[in-house]
Amino acid sequence: MMSATDLSNPFSESGTPDSNILIERMQESDLDEVLNIEHVSFSMPWTRNMFETELRETTLSYPIIARWFDAFKDSENSNKKPITKKPICGYCVFWHVVDEIHVGNLAVALEFRRKGIAAALIKNIITLGQQWH
């Protein structure tokens, strides 16, 4: 699991009451799931190429995903490890420009809406922005 305090891996599980959300950097292998959510969520969705461009632009762009887990277990070193990995439930693409954070895209899968996913993504981005400045 990535720690929000480690800027090389700045994403973490959220502080939501259920704590079943893992936030991590988006990978190219995530794009099929992300695009499914994107097409359901927007009348003018981003294309695969647009997401691929954001994944390549690592100095400015930060595409992240949220995954919902059924449960976590504690390992010997007290790090949470997922028991059951779930599909991507939401994502956000944001940009760090000088001393500002710009959200370019954010969506949550229909079946996961109203569970605090978007709030967890935004909270994580705000925390990261505060650490940067």
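1. Val-98 is placed in the loop that joins strand S5 (88–97) to strand S6 (100–108); strands are DSSP runs of E with at least two residues, helices runs of H or I with at least four, numbered from the N terminus. The model is predicted: local features need pLDDT of at least 70 and side-chain atom pairs pLDDT 80 or more, while totals for chains, interfaces and linings use all residues. Residues are numbered from 1 along each chain as its sequence is written, and side-chain values use heavy atoms, without hydrogens and water.

2. Val-98 has a relative accessible area of 70% and is therefore exposed (exposed is over 50%, buried under 20%, partly exposed in between; 1.4 Å probe, protein chains only).

3. The structure contains four aromatic pairs (ring centres of Phe, Tyr or the six-membered ring of Trp within 6.5 Å; planes under 30 degrees apart are stacked, over 60 edge-to-face, the rest tilted). One of them joins Trp-46 and Phe-51, tilted because the planes stand at 50°, with centres 5.1 Å apart. Trp-46 is buried at 15% relative accessibility, and Phe-51 is buried at 1%.

4. A tilted pair is also formed by Trp-68 and Phe-112, with 5.9 Å between centres and 40° between planes. Trp-68 belongs to strand S2 (residues 61–68) and Phe-112 to the loop between S6 and helix H3 (117–132), so this pair ties together parts 44 residues apart in sequence. Trp-68 is buried at 15% relative accessible area, as is Phe-112 at 14%.

5. Ring pairs also connect Tyr-91 with Trp-46 and Phe-51 in a cluster.
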